[in-house]
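Please read them beside the structure.

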Amino acid sequence: QPMLADNFAAAQSRLASVLEEGVRADGLAGAAFVDSVVAAVRGAGASSGEAATSGAEGANGAAAKAEPLDAEERGTLELSMRIFLERKSSAGAAGALVVALIDRSIELATARAADLNTPFALMEDLFDSQVISESEALFPQIEQRGAALAKLMRSTNNRAKLTFIRTCNELLRRLSKSKNTNFCGRVLLLMAYMLPLSERSGVNLKGAMAPSDLELQPDEAADDKQEGSAAEDGSLYASFWGLQAAFADPAAAVKPESWATLVSRLETVLQVFANIVSTDAAPSAEAAPADLSPGGDEAAAASGGEGEDAEMEEAAHEMGREVYFAKFLTSPKLLQLQLRDAYFRRHVLVQLLIFVQTISTDQLQRKGAPALAPRQREAAEKLRARASELLAGIAPNGPLFAAALERLLVRERCLAEIRPRSGRDPAEI
């Protein structure tokens, strides 16, 4: 309708002026910016006769500060900001200006002046309009604002969460898994950081196992075997990569006819890992941070644990800067180098601990698999303890990583035990 179109055009014009001020380095920010935006929306919603007089505009501005925007006005604000972003992006605006607009949208959403979905709608439009190289350059700015964005998703507003998930999934679809491996990993890390552990899009509610499609080359391993080189031994190669079949199908791995072979392979691999960790123990001990030493733990406990969260966050931040994302190949010629890689060993140990917890709980029994015998449970507990010890000994920040993983596994085990009895969704517990 003409009247509605005129009102929206007026709102868009007023908001464009306010947004221009807001994205400037020395422009409006904080409460002043929020009040100006709300006043602009309110003023645009007045009738044409009222808008013709400055007195009516002043009354509208006062009402804007006194009353929150309704759903229609918030929709007008979000659409106007998206149009403003589109125009700036088409004009080749600098990244700093676009990031400033994201910041202003976060301020508006935090003050409940805008819909909680507004910052995420702008993010979606932003990445949809950028090529991969430009998206990768802007992504660190979004990562830095992850904490503020996560707070907006902790409410009951599912629209913001769905927009964020859709944005990340679309970005991952555009990325090449071979050429943009690091960027893919950063997107997944941001999703893991911002979304709760109970988010249904990232929870394996049915407990399905990923199939293993590894292509092993045992004949090549036997041909390339060198005397005195355990890493290239064909038996170690078969034992090591043969574990992936057990990890992919725990129910089959715990059958009596398969259990002895599995335990033998796990003990062989853990012994190889232990030999490698022992050679690196001296430099790792020297490089270990003071707060992760036994004395540091006792001091923290004596002081009531004050500052523990800050120390863990700082260590996690340091560890995050050292993470890289790689695909591990199964060629026998690479096994010796892979075993020397701390991240490779850590990856396998995490798989092992998840596997041991899966077979130790009643998750498999609920699917019809037989329960573990007492000897099997005893062997599984020994494997778990040894793997945890080795994981804590892998630098960097081995104790911190092992403690964080243990906390996640305990939480997962508790949820797996509570849900069948309560009949409730893990997010509600």
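1. A salt bridge is taken here as a side-chain nitrogen of Lys or Arg within 4 Å of a carboxyl oxygen of Asp or Glu. The model is predicted: local features need pLDDT of at least 70, side-chain atom pairs count only at pLDDT 80 or more, and totals for chains, interfaces and linings use all residues. Residues are numbered from 1 along each chain as its sequence is written, and side-chain values use heavy atoms, with hydrogens and water left out.

2. The structure holds eleven salt bridges. One of them joins R82 to E78, at 3.8 Å from N to O. R82 and E78 are four residues apart in helix α5 (residues 71-90), so about one helical turn separates them. Helices are DSSP runs of H or I, at least four residues long, numbered from the N terminus. E78 is buried at 6% relative accessibility, whereas R82 is partly exposed at 26%; buried means under 20% relative accessible area, exposed over 50%, and partly exposed in between (1.4 Å probe, protein chains only).

3. E78 also forms a salt bridge with R159, where the closest N and O atoms are 3.1 Å apart. This pair links distant parts of the chain, with R159 in helix α10 and E78 in helix α5, 81 residues apart. R159 is partly exposed, at 44% relative accessibility.

4. In the salt bridge between R186 and E143, the closest N and O atoms are 2.8 Å apart. R186 belongs to helix α11 and E143 to helix α8, so the pair ties together parts 43 residues apart in sequence. R186 is buried at 18%, and E143 is partly exposed at 29%. Elsewhere, salt bridges with shared partners join E78, R82, D115, D125 and R159 into one network.

5. Rings of Phe, Tyr and Trp (its six-membered ring) pair if their centres lie within 6.5 Å; planes under 30 degrees apart count as stacked, over 60 as edge-to-face and the rest as tilted. By this rule there are eight aromatic pairs. F120 and F164 form an edge-to-face pair, 6.1 Å centre to centre with 75 degrees between the planes. F120 lies in helix α7 (residues 118-128) and F164 in helix α10 (residues 158-174), so the pair ties together parts 44 residues apart in sequence. F120 is buried, with a relative accessible area of 0%, and F164 is buried with a value of 0%.

6. F139 and F183 form an edge-to-face pair, 5.3 Å centre to centre and 70 degrees between the planes. F139 is buried at 2% relative accessibility, and F183 is buried at 1%.

Terms used:
Helices (H or I, at least four residues) and strands (E, at least two) are DSSP runs, numbered from the N terminus.
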